Amino acid sequence: MTQHTANAPETHPIDPADAPWWTRAVVYQIYPRSFADGDGDGFGDLAGIRSRLDHLADLGVDVLWLSPIYPSPQHDNGYDIADYQDIDPRFGTLEQFDELLAATHERGMKLIMDLVVNHTSDEHAWFTESRSSRDAARRDWYVWRDPRPGFTGGTPGAEPTNWRSFFSGPAWQWDEATGQYYLRLFASQQPDLNWDNPDVRHAVYAMMRWWLDRGVDGFRMDVINLISKGEYVDVEPATSSMPLGAEQYANGPRVHEYLQEMHREVFAGRDAELMTVGETPGTPLEHAQLYTDPTRAEVDMIFQFEHVGLDHGKGGKWDPATLDLRHLKANLARWQDGLYGRGWNSLYLNNHDQPRLVSRFGDDGQAAVEQGNVEDGERVRYASATAWAAVLHLQLGTPFVYQGEEFGMTNVPFAGIDDFFDVEAVNHYAEAVQQQGADPRDVLAALRLMTRDNARTPVQWDDSVHGGFSAGSDQPDATPWMPVNPNYAMINAAADRASSRSIFRFYQRLIALRHTDDVVAFGRFDLLEPEHEQLFAYTRTLGDRALLVTANLSGQPCALPSSCRRAGADLVLTNATEGTDDGDAAVLRPWEVRVVAVSVDGGESGADAGV
Ligand code: TEU
């Protein structure tokens with residue numbers, strides 16, 4: 001059943017009494033190599049995660065998502081998997097995994113795994129066999145193609161198509177031994193699986209059942225919308241955040257069919273307690289409706305990418321541009337409306353592939369701190385981090401918190417190219433500077449703003465050496481694999497939680513609100529003042545109650561238009577630390593957010609809003 005462009009399904013109101021558990025849930029993403037190091041070797045691990053579970057339970061999150069912990073040569077920090085059914089010794093053992101899972105469940109949280117099945121590592125046994133000869137039994141498990149006719153394999157331009165990799169250069173890798181190219185949309189060590197081969201699909205489904213039988217609660221599915229490739233043909237250059245060729249495989253011809261098959265083979269009959277979220281770069285709303293329509297049984301929700309591409313210039317992510325708040329509001333509102341009653345949104349502003357949200361969208365205060373205005377810097381970092389958190393968490397959907405976000409970790413002051421670790425950053429620099437002759441200063445400036453490495457420094461737990469990342473941090477071996485952000489003495493979980501302005505405590509309140517207030521979990525979203533350049537304002541409405549969210553996302557005071565004021569409203573939540581009694585403020589201070597409860601006709605609600 002090919003559903004490339006089916007009609008959008010009918011909308012239907014959300015019935016809170018009948019809604020799946022994950023509609024009220026908040027997910028916390030752990031990037032294990034940088035979360036906590038339990039054995040003091042400088043590399044995060046399962047023991048480290050276990051030692052910090054109380055921090056997460058205290059935050060109030062419902063689900064932990066672990067980025068990959070499987071055996072891997074780590075060319076892409078574990079997104080290159082060599083064995084799907086084991087744990088990389090750097091992270092621990094299967095036994096430790098079982099213990100972590102049990103300890104997570106004991107605290108009332110669930111745990112989902114990262115499922116990376118668009119590609120494997122080139123060290124996976126499937127690929128070792130596939131590349132061993134053209135006649136290998138598993139040759140067809142990957143995508144092998146001859147050089148372009150008339151070209152000598154391995155020379156520039158001989159690639160079967162002009163497609164480009166997400167990580168710079170061609171999407172095809174020459175294999176001298178068997179005289180063919182293999183497809184790899186990401187790093188050269190990440191060959192793409194051939195999903196059109198049913199043996200591949202059923203091997204993946206069996207592996208997924210094995211993890212579910214072990215007790216995991218679902219999967220985050222890496223680039224799952226790229227698994228069905230279309231025609232292997234040259235494409236015309238186009239301006240897009242996606243690499244050249246993506247229109248041939250993003251949301252490809254059989255992707256919905258494969259996800260429905262996966263659901264039947266893996267989840268059917270046991271999905272009520274599980275959750276799935278598909279990572280889907282380059283996915284328009286029309287496909288999101290198909291992926292997440294519950295009646296189609298594909299995935300519960302997806303990560304869309306449009307909103308995190310709005311500060312990319314014409315040249316893509318390495319050509320950063322200023323974000324226009326009006327575009328972001330219009331985009332998020334379109335997704336809120338487009339999936340209302342039809343599917344489900346995931347909500348995120350950062351993750352392990354994105355810069356830190358407080359540095360990218362707010363004001364991380366580091367400029368003020370450098371000038372000696374520590375108090376001003378800390379004030380603005382708190383205010384902008386919490387304002388953005390409220391704007392995101394009070395939308396309809398399942399919010400995702402990325403490690404360190406809950407106490408305002410920031411981007412990193414990278415000096416030179418040697419400070420970058422990520423394959424994407426390193427490849428881009430080499431291509432831009434060495435092959436295309438770009439000015440290294442310009443390339444570095446863009447890298448500093450946009451690199452994924454910003455999100456990957458060790459979590460700053462306290463102000464001890466290396467931010468308390470490693471057990472036995474004072475031992476020489478405990479030097480973290482990537483240096484801790486130098487601001488760790490000021491910005492760390494312990495300091496934040498002890499502060500009168502605690503970002504962590506604000507997240508706790510947001511998360512609790514979703515659990516206790518059905519308006520937050522299910523209310524319809526309506527954007528106010530779409531053309532306002534400072535203000536992000538919206539209402540959420542369910543039955544006779546509404547919440548009005550007004551956030552000043554700027555460093556200047558902002559007068560509230562009359563559409564955003566409600567006389568006599570109850571103040572539910574604010575990030576202001578003084579003078580907050582009045583539910584009907586006329587002016588929002590820089591980065592101030594206010595959430596008030598009202599009745600739908602504008603009168604006083606009197607309802608308990610939950611905090
Ligand atoms: O990311 C896929 C993806 O499209 C991006 O977020 C990507 O990192 C970015 O566009 C590059 O500019 C997923 C994982 O989240 C990422 O960490 C992996 O590197 C990638 O897939 C390959 O598995």
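How many aromatic pairs does the count come to in this structure? The count comes to 32 aromatic pairs, where rings of Phe, Tyr and Trp (its six-membered ring) pair if their centres lie within 6.5 Å. Before we look at some of them, a word on the model: it is predicted, so to speak of local features needs pLDDT of at least 70, side-chain atom pairs count only at pLDDT 80 or more, and totals for chains, interfaces and linings use all residues. Residues are numbered from 1 along each chain as its sequence is written, and side-chain values use heavy atoms, with hydrogens and water left out.

**Aromatic pairs**

A pair of aromatic rings is described by the distance of the centres and the angle of the planes. Planes under 30 degrees apart count as stacked, over 60 as edge-to-face and the rest as tilted. Here are two pairs to find in the structure.

| Pair | Centre to centre | Angle between planes | Kind |
|---|---|---|---|
| Trp163 and Tyr232 | 5.4 Å | 25 degrees | stacked |
| Phe361 and Trp388 | 5.4 Å | 45 degrees | tilted |

Trp163 and Tyr232 link distant parts of the chain, 69 residues apart. Trp163 sits in the loop between strand S4 (144–145) and strand S5 (172–175), and Tyr232 in the loop between strand S7 (218–221) and helix H7 (255–267). Helices (H or I, at least four residues) and strands (E, at least two) are DSSP runs, numbered from the N terminus. Trp163 is buried, at a relative accessible area of 1%, whereas Tyr232 is partly exposed at 22%; buried means under 20%, exposed over 50%, and partly exposed in between (1.4 Å probe, protein chains only).

In the other pair, Phe361 belongs to the loop between helix H10 (357–360) and helix H11 (366–370), while Trp388 is in helix H12 (residues 374–393), so the pair ties together parts that are 27 residues apart in sequence. Phe361 is buried, with a relative accessible area of 7%, and Trp388 is buried too, with 3%.

Trp65, Phe303, Tyr348 and Phe400 form one aromatic cluster. Arginines also meet rings here: Arg52 lies over the face of Trp461, 4.2 Å from the ring centre, and Arg138 over the face of Trp141, at 4.5 Å. A charge sits over a ring if NZ of Lys or CZ of Arg is within 6 Å of the ring centre and within 35 degrees of the ring normal.

**Around the ligand**

Now to the ligand, which 19 residues surround (a heavy atom within 4 Å). The closest are Asp76, Asp222, Asp353, Glu424 and Arg452. The shell divides into seven nonpolar, three polar and nine charged residues. Ala, Val, Leu, Ile, Met, Phe, Trp, Tyr, Cys and Pro count as nonpolar, Asp, Glu, Lys and Arg as charged, and the others, Gly among them, as polar.

An N or O atom in the side chain of Glu424 is 2.3 Å from an oxygen atom of the ligand. For a polar side-chain atom of Arg452 the distance to a ligand oxygen is 2.6 Å, and for an N or O atom in the side chain of Arg220 it is 3.0 Å. On its own the ligand has 490 Å² of accessible area, and the protein covers 94% of that (Shrake-Rupley method, 1.4 Å probe).

**Some loop residues**

Two residues other than glycine have a positive phi: Ala297, near 55 degrees, and Trp591, about 60 degrees. Ala297 is in the loop between helix H8 (285–292) and strand S9 (301–303) and is partly exposed, at 26%. Trp591 is in the loop between strand S19 (587–588) and strand S20 (593–599) and is buried, at 7%.

Conventions. Polar contact = N/O pair within 3.5 Å; in protein donor to acceptor, adjacent residues only side chain to side chain.
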